[in-house]
Amino acid sequence: MSLDYELFRLINGIAGSVPLLDTLMRLVVNEYFVPTTISLLLLGLWLWGESPKERAFLQRAVLLSISALALSGILVKACNLIYWRPRPFANHEVNLLFYRPTDSSFPSNPTTVGFAFATGIWLYKRRLGVALYGLAALFGFSRIYCGVHYPTDVLGGILFGTGSGLIVHRYRRLLEPLINLIINVGRRFFVA
Amino acid sequence: MLNFMIEYLARAYLVCVVVAQLGVLQIIAARRRLIGLAFADYRARPKLGYVIGGTLLVGSYIWFFTTYKAIFQPGPAGAELTFLFAVACILSFGITFTIAEARRWLAQRRDRMRAGSDATWPFMEEGKATGVFAGRPVSFGIASGFLFYPERGAEPYPAICFLPNQSSQSAEGSQRRHLRLLTQELLDVGFAVLLVDLREGYPSYPEVLALVPSALSFLSKQPKVDPDRLGVLGLGLSGNVALRSASTDDRVKAVAALGMLLSGAGARPGLDVLREMTYLQAIRWAGFRQRERLVLDLAAVESLSNTPSTVPTLLMWGAMDGLVSPQERAQVSNRAFVTNSETSSPSSGERSALLDIRIVPEETHMTLPQNRNVARSTAQWFAERLKHVA
């Protein structure tokens with residue numbers, strides 16, 4: 001048995017034995033909780049700055065993390081065209097605490113999303129970025145715990161998400177005109 | 001349209017996110033003192049904003065995630081979730097702006113009922129006002145106004161040309177209370193006051209440069225006014241006009257600017273404007289498109305270095321002014337000490353004795369002129385500098 005599957009069994013094996021942990025993992029694993037929380041954080045960050053200069057700095061972070069999300073989505077779709085992996089429950093007996101997704105197991109899309117946002121924010125706001133990394137890591141872990149991803153799927157998601165964030169940050173100057181346009185329009189309507 | 005989400009779940013999710021966003025907006029409104037986003041007055045009680053915001057946020061989550069077991073069914077596509085979040089943003093902002101506007105309207109109605117007939121001062125019908133506040137309507141050059149004489153003091157009186165800010169005269173009557181407050185304080189210390197009427201609109205540049213000279217010419221011709229003791233007081237953008245006039249008209253013996261704008265950014269403050277007013281007020285405020293151009297053309301800060309060093313100058317801002325940043329205010333002091341090569345070069349200490357910069361704690365751009373202590377100290381400032389000019 002591969003290390004990947006052994007690790008999966010180790011984590012998924014806990015599922016069903018600790019009801020409180022099961023409830024927590026089910027709360028985190030669904031497609032609403034973490035994405036909504038991250039989105040609300042981004043909304044708050046957009047409006048947070050004390051001065052126009054500080055707000056523009058944070059708004060840049062928000063827009064670049066959204067760009068990282070878009071890039072990671074493209075990369076995941078491209079990966080899925082080349083490589084398709086069945087889910088753990090397709091080939092093994094698992095403790096399944098969630099519905100059965102039908103798309104490719106690799107990479108973990110939710111983990112990719114979480115780490116793309118977290119990287120985009122971490123590059124501008126370290127502490128908040130670390131908190132978002134924690135949330136994204138929990139999101140990824142819950143996918144293994146609930147039986148819908150292998151650990152390497154989550155690792156792939158981390159790489160795709162973090163990589164997207166770093167690539168967008170590296171080439172952010174190309175996005176500057178669009179970012180400035182969005183911020184200026186927001187200012188004109190008193191929401192930036 | 002929704003391929004992946006169950007319809008009733010989509011509706012519930014939308015409600016959850018709208019309420020959660022309302023919570024986020026209240027927390028922001030309390031933290032940044034944005035009255036345009038606030039459900040209540042958080043300036044005095046920011047904790048109330050945190051409590052309301054936190055309750056909405058946590059409450060929405062608890063309701064949605066404990067009620068709907070369908071969240072464990074095949075869920076939404078990312079695009080659907082994004083769409084619902086965006087719709088929720090529009091709704092939550094709309095609800096927030098509406099509640100803040102309703103709050104303002106109710107407060108204004110209450111003020112108007114308390115103010116009674118004074119609510120329309122000074123633009124009231126003939127014979128409605130009595131005593132010292134029965135200003136005489138006058139016209140001069142490109143503008144008109146109201147002339148008030150004090151009850152005490154000996155003639156000829158020193159006089160102040162008072163330029164209100166552009167928005168105050170188009171505002172509801174109760175918001176013009178600060179005009180009466182400032183006029184009253186000036187009359188109490190023995191000044192005649194010419195309150196300029198800018199309801200017809202703000203003159204564009206360079207016509208606006210003629211506003212103060214024509215007002216001063218009018219005052220100089222009044223038998224009860226001492227033409228050698230004339231001052232100019234301007235609020236907001238009118239402060240820029242006042243300052244500019246002091247640099248070119250030697251009849252100005254003292255000038256005060258309360259809440260003047262310091263850059264084009266002050267005319268495009270973005271979210272900071274909601275620290276001063278509601279969203280609907282901000283839209284009306286932004287309707288005056290000349291503002292940014294006027295700030296740049298008047299170049300009031302640059303004119304400080306051209307103002308004769310013998311003219312006392314008072315600059316005042318609220319510490320919470322949403323239209324003038326602390327960095328901009330700090331720059332003013334530095335520029336004010338630059339003198340041109342034609343004037344003698346006073347030491348910086350000498351200039352600083354005549355340039356008075358005051359920052360009033362807790363006041364915003366709009367509330368600064370409504371502060372009774374500000375009105376009183378401004379009147380006192382003029383009295384100390386003009387009443388005994390030789």
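Trainee: Where in chain A is confidence lowest, and where is it highest?
Mentor: The lowest confidence lies in helix 5 (residues 88-91) of chain A, with a mean of 94, and the highest in helix 8 (residues 151-170) of chain A, at 98. These values are pLDDT, the predictor's confidence in each residue, from 0 to 100. Helices (H or I, at least four residues) and strands (E, at least two) are DSSP runs, numbered from the N terminus. This is a predicted model, in which local features need pLDDT of at least 70 and side-chain atom pairs count only at pLDDT 80 or more, while totals for chains, interfaces and linings use all residues. Residues are numbered from 1 along each chain, chains are lettered from A and ligands numbered from 1 in the order written, and side-chain values use heavy atoms, leaving out hydrogens and water.

Trainee: And what does chain A average?
Mentor: Chain A averages a pLDDT of 96, and 99% of the residues score at least 70.

Trainee: At what angle do helix 3 and helix 6 of chain A pack?
Mentor: Helix 3 (residues 33-48) and helix 6 (residues 109-122) of chain A pack at about 20°, and their axes are 11 Å apart. That angle makes helix 3 of chain A roughly parallel to helix 6 of chain A (angles under 35 degrees count as such).

Trainee: Which residues make the contact?
Mentor: Helix 3 of chain A contributes A:Ile38, A:Leu42 and A:Leu45, and helix 6 of chain A contributes A:Gly114, A:Phe117 and A:Ile121. Contact means heavy atoms within 4.5 Å.

Trainee: Switching to A:Arg143: is this residue buried or exposed?
Mentor: A:Arg143 is buried, at a relative accessible area of 2% (buried means under 20%, exposed over 50%, partly exposed in between, with a 1.4 Å probe and protein chains only). A:Arg143 belongs to helix 7 (residues 126-145) of chain A.

Trainee: What is A:Arg143 in contact with?
Mentor: Beyond its neighbours within four places in sequence, A:Arg143 touches several residues, including A:Glu31, A:Arg87, A:Phe98 and A:His149. The C-alpha atoms of A:Arg143 and A:Val18 are separated by 16 Å, although these residues are 125 apart along the chain.

Trainee: How many helices and strands are there in chain B?
Mentor: Chain B has twelve helices and eight strands. Of its 390 residues, 54% are buried. Among contacts in chain B with a separation of 6 or more, 79% join residues 24 or more positions apart.

Trainee: Where is B:Leu187 found?
Mentor: B:Leu187 sits in helix 4 (residues 177-188) of chain B. The residue B:Leu187 is buried, with a relative accessible area of 4%. From B:Leu34, B:Leu187 is 153 residues away in sequence and 35 Å away in space, C-alpha to C-alpha.

Methods:
Axes fitted to C-alpha atoms, helices over the stretch in contact; angles between N-to-C directions. Parallel < 35°, antiparallel > 145°, perpendicular 65-115°, else oblique.
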